[in-house]
Amino acid sequence: MKRLFLCLFSLFIIFPFFTARTTVFAEQQRVRLPVVMYHNVLNGRQGEYVVSERQLESDLIAIKKAGYTFVSAKQVIDFVDGKGSLPQKPLLLTFDDGNYNNMYYAFPLLKKHGACAVFNVIGAFVSASSNSSQADNPNYSHLTWKEISTLHKSGKIEIGNHTYGMHVYKPRFGVGQMEGESETQYRAAVKEDAGRLQTELSRRSGVTPVVFAYPFGKYTTSAKEELLSLGFRMLFTCNEGVTTVVRGDSSTLHYVRRFNRNGKMSTKTLLEEIESGKHIPVDS
Ligand SMILES: [Zn+2]
């Protein structure tokens, strides 16, 4: 009788439990990760790199309504490292260039809607703002070292490295290789520049980023290798589309795609992009 009971127990209780666990485990090896890229948040002049407060709030509401959960870069990295899980429909928000309006307009809205985000900052701009008497103007200022520290301490904002001085078109296009530059010189230049911002952020803002955003989306294999040697785990491109992150495969974090949130686009179109994984061009 006892044996029969044990047998039935394993058949009806243990087996289904085990199978269900296996299915969940199998499903979570590969996760679809849409990432949205914002730049400025300002009112009254929407453009390719400018959205209004209203648009941002409408996006946040619509994204949540569609069943997505805002996740941090750390959660994604932990998942890949096998240290944690991700929600059913994760979504990552990023804001490039470290514009002060991200703190002034976006940060309160993110808090209001329980969202977190990555702010990718540019060292030269932060330095200029920190030494300027004209800081804290949403229209043109950039974040200061101190403001970055405040955002980091909030626990809601992760800071990303967007180069110290390579957010320029000339003489070098982003982290691209210059003509006549040797491979060794090129690699050293990329490493020195990104490393400089790491040092400054650690010293002045108390944060050491593990994510990096390529200026203008320009990337190369050599740059990637140098960035990884500096300890970066997640590298953001400007290639539109959705990335699949895979547990146990760090390389799935090395070319993370992002949808640019064009201010001339509706929230509905943005959501269509997120859901379909396909870029929908907007008339400008
Ligand atoms: Zn940028």
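Reader: Is Thr-220 buried, exposed or partly exposed, and why?

Author: Burial is a count of neighbours. A residue is buried if 20 or more other C-beta atoms lie within 10 Å of its own, exposed if 12 or fewer, and partly exposed in between, with C-beta atoms placed from the backbone. Thr-220 has 16 other C-beta atoms within 10 Å, so it is partly exposed. This is a predicted model: local features need pLDDT of at least 70, side-chain atom pairs count only at pLDDT 80 or more, and totals for chains, interfaces and linings use all residues. Residues are numbered from 1 along each chain as its sequence is written.

Reader: Where is Thr-220 found?

Author: Helices (H or I, at least four residues) and strands (E, at least two) are DSSP runs, numbered from the N terminus. Thr-220 sits in the loop between β9 (211–213) and α8.

Reader: What does Thr-220 touch?

Author: Two residues are in contact if their C-beta atoms, placed from the backbone, lie within 7 Å. Not counting residues up to four places away in sequence, Thr-220 touches Val-175, Gly-176 and Gln-177. Take Val-175: it is 45 residues from Thr-220 in sequence, and the C-alpha atoms are 7.7 Å apart in space.

Reader: How do α7 and α8 cross?

Author: Start with the axes. They are lines fitted to C-alpha atoms, for helices over the stretch in contact, and angles run from 0 to 180 degrees between N-to-C directions. The axes of α7 (residues 183–205) and α8 (residues 221–229) come within 9 Å and cross at roughly 45°. Next, name the angle. Under 35 degrees counts as roughly parallel, over 145 as roughly antiparallel, 65 to 115 as roughly perpendicular and the rest as oblique. α7 and α8 are therefore oblique to each other.

Reader: Which residues of α7 and α8 meet?

Author: From α7 come Glu-183, Tyr-186, Arg-187, Val-190, Lys-191 and Ala-194; from α8 come Ser-222, Ala-223, Glu-226, Leu-227 and Ser-229. This contact has 5 nonpolar, 2 polar and 4 charged residues. For these classes, Ala, Val, Leu, Ile, Met, Phe, Trp, Tyr, Cys and Pro count as nonpolar, Asp, Glu, Lys and Arg as charged, and the others, Gly among them, as polar.

Reader: At what angle do α6 and α7 pack?

Author: Helix α6 (residues 145–153) and α7 pack at about 75°, with their axes 9 Å apart. That makes α6 roughly perpendicular to α7. Trp-145, Ile-148, Ser-149 and His-152 in α6 meet Leu-201, Arg-204 and Ser-205 in α7. The residues of this contact divide into 3 nonpolar, 3 polar and 1 charged.

Reader: Which residues touch the most other members of the largest nonpolar core?

Author: A nonpolar core is a set of buried Ala, Val, Leu, Ile, Met, Phe, Trp, Tyr and Cys residues joined through C-beta atoms within 7 Å. The largest one has 68 residues, and Val-76 and Met-234 touch the most other members. Helix α4 (residues 100–112) gives the largest share of this core, 6 residues. Leaving out residues up to four places away in sequence, Met-234 touches Ala-73, Val-76, Ile-77, Val-210, Val-211, Leu-253 and Val-256.

Reader: What is the phi of Asp-97?

Author: Phi is a backbone angle. For Asp-97 it is near 90°, a positive value in a residue other than glycine. Asp-97 lies in the loop between β6 (90–96) and α4. With 20 other C-beta atoms within 10 Å, Asp-97 is buried. Thr-163 also has a positive phi, about 75°, although it is not a glycine. Thr-163 is in the loop between β8 and α7, and it is buried, with 23 other C-beta atoms within 10 Å.

Reader: Which peptide bond is cis, with omega near 0°?

Author: Look at the bond from Lys-170 to Pro-171: it is cis. Pro-171 is placed in the loop between β8 (157–161) and α7.

Reader: How many helices and strands does the protein chain have?

Author: The chain comes to 9 helices and 12 strands. Of its 284 residues, 39% count as buried.
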